[in-house]
Amino acid sequence: MASATQAAAISGALFAAAPLHKKPRSVIFRITASKSSNPPIVGRKLRAAVIGAGPAGSSAAEALAAGGAECFLFERAPSEAKPCGGAIPICMLDEFDIPARLIDRHVTRMRIFSPSNLAVDFGKTLRPDEFIAMLRREVLDSFLRDRAQSRGASLISGLVTRLEIPASHHAPYVVHYTKDNARHALAVDVVVGADGANSRVAKSIKAGSYACAIAFQERIKLTDDKMSYYEDLAEMYVGNDVSPDFYAWVFPKCDHVAVGTGTVCSKQDIKLFQRAIRARASAKISGGKVIKVEAHPIPEHPRPTRVRGRVALIGDAAGYVTKCSGEGIYFAAKSGRMCGEAIIRASEGGERMINEEDLKREYLKEWDAKYITTFRFLDLLQKVFYGSDAAREALVELCGDEYVQRMTFESYLYKKLADGNRWDDAKMVLNTVGSLMRCNVLGRKMEALKI
């Protein structure tokens, strides 16, 4: 959850519906087989390799194994997790059957600080049963990975070093990897790349490059009295001091806070921005002990190629992280599940070989129809609201409007377009234009004073 979720409401970004149910349910995959002219596989099932066991890879592996394919899930360091704010929408808890015990904090207040330190509390419109779930990635990743194994996926704790591309249409892909200081190779029919922004799978299929942000985060353990301040509160800070093109955060975890920032255009200055966010939040985090320092690349847009041959990219490897907000956990898990289910449909439960056209039709076309407009819209919003401190002041000012808050949270929490009315929508657009104009004028006056 981040400032783009507020901006998304302002422009009415389209989200796909994901209904919330009150009672937890078992994960059940209902996959309708598609009619295929591909040859049947004799004497075995379709063999799939999923490279990377984060939310994307584990969700893909679970769908593949549950659907009837023979699935191998590769993860070089199962005990590690990338730096991440760890916020997930409430709809994901039900859709992916995430147990309540994994949640560190139920955030019901989001406090946003403008460049001039104007603070706006975001969350006035939340119902008593609504919240943003905050969790640790290592806890979530472990849970999803274990569940994929329970469904029949085979976990291989090894480093994938190379993907050998077949010379013919039906020849196998060969995954080369090291495990316990020994080299191994595994022949498979289909490969799912879920190995992050620096994906080796993507490089193997010449999927094209993309711009990456860098996220830098420190986990800071606070005293009990200071931690109580963040009991149900998360903070976000915007301004050129903490990031010229992103935002900084203080997100609560079980017994510590995650304090971090990110940038695309000034990666070399990331530590300066980190010092700035610590300075702006110093009254609340001073005296805390840094228990972990993390940094990781974050993709800024979908890759030019996400399917080639019998290889599909998902999650960060595909570039499925939204602009403005950096939200990626839900979209990673969703893309993994959609890809796994697509392969099962195309292969008729693992009984037939698949091809590139199957992956494009069953996975890529469905994904783009559902989400690509959202990604493009948030890209536009980042350019509008993150272009200057004046625009960031306007964004924070708009976040004080309760209608903006309601539209934002409903869209974010349930991944569907919130129900509004035309009159309030029109007022919201006028307020947006007015705030941008007013804050730009103020910004020019402040710059003149500096001169």
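Author: What follows starts with the helices and then moves to rings, cysteines and loops.

This is a predicted model, in which local features need pLDDT of at least 70, side-chain atom pairs count only at pLDDT 80 or more, and totals for chains, interfaces and linings use all residues. Residues are numbered from 1 along each chain as its sequence is written, and side-chain values use heavy atoms, with hydrogens and water left out.

Take H10 and H11. Helices (H or I, at least four residues) and strands (E, at least two) are DSSP runs, numbered from the N terminus. Helix H10 covers residues 329–346, and helix H11 covers residues 356–385. Their axes come within 8 Å and cross at roughly 155 degrees. Such axes are lines fitted to C-alpha atoms, for helices over the stretch in contact, and the angles run from 0 to 180 degrees between N-to-C directions. H10 and H11 are therefore roughly antiparallel to each other. The classes are these: under 35 degrees is roughly parallel, over 145 roughly antiparallel, 65 to 115 roughly perpendicular, and the rest oblique. The crossing of H10 and H11 is right-handed. A crossing is right-handed if the near helix is turned clockwise from the far one by less than a right angle, and left-handed if anticlockwise.

Leu359 sits in helix H11. Leu359 has a relative accessible area of 2%, so this residue is buried. Buried means under 20% relative accessible area, exposed means over 50%, and partly exposed lies in between (1.4 Å probe, protein chains only). Leu359 and Ala346 are 13 residues apart along the chain, and their C-alpha atoms are separated by 7.7 Å.

H2 and H4 make another pair. Helix H2 spans residues 55–67 and helix H4 spans residues 137–150. Here the axes come within 8 Å and cross at roughly 15 degrees. H2 and H4 are therefore roughly parallel to each other. Their crossing is left-handed.

Next is helix H12, residues 389–399. H12 is mostly covered, with 9 of its 11 residues buried. The buried residues are Ala390, Ala391, Arg392, Glu393, Ala394, Leu395, Val396, Leu398 and Cys399. Look at Glu393 in helix H12. Its relative accessible area is 14%, so Glu393 counts as buried. Glu393 and Val238 are 155 residues apart in sequence, yet 8.5 Å apart in space, C-alpha to C-alpha.

Gly400 lies in the loop between H12 and helix H13 (402–414). Gly400 has a relative accessible area of 30%, so this glycine is partly exposed. Gly400 and Ile112 are 288 residues apart in sequence and 9.6 Å apart in space, again C-alpha to C-alpha.

Now the rings. A search of the whole structure finds 15 aromatic pairs. One of them joins Trp249 and Phe251, tilted, at 6.4 Å centre to centre and 35 degrees between the planes. Rings of Phe, Tyr and Trp (its six-membered ring) pair if their centres lie within 6.5 Å; planes under 30 degrees apart count as stacked, over 60 as edge-to-face and the rest as tilted. Trp249 is buried, at 6% relative accessibility. Phe251 is buried too, at 2%.

Ring pairs also link a cluster: Phe96, Tyr320, Tyr330, Phe331, Trp367, Tyr371 and Phe375. Arg337 lies over the face of Phe96, at 4.2 Å from the ring centre. Likewise, Arg303 lies over the face of Tyr210, at 4.0 Å from the ring centre. A charge sits over a ring if NZ of Lys or CZ of Arg is within 6 Å of the ring centre and within 35 degrees of the ring normal.

Cys254 is partly exposed, at 31% relative accessibility. Cys265 is exposed, at 51%.

Asn181 has a positive phi of about 60 degrees although it is not a glycine. Asn181 belongs to the loop between strand E10 (173–179) and strand E11 (182–188). Its relative accessible area is 87%, so Asn181 is exposed. Lys206, not a glycine either, has a positive phi of about 55 degrees. The loop that holds Lys206 runs between helix H5 (200–204) and strand E13 (212–221). With a relative accessible area of 65%, Lys206 is exposed.
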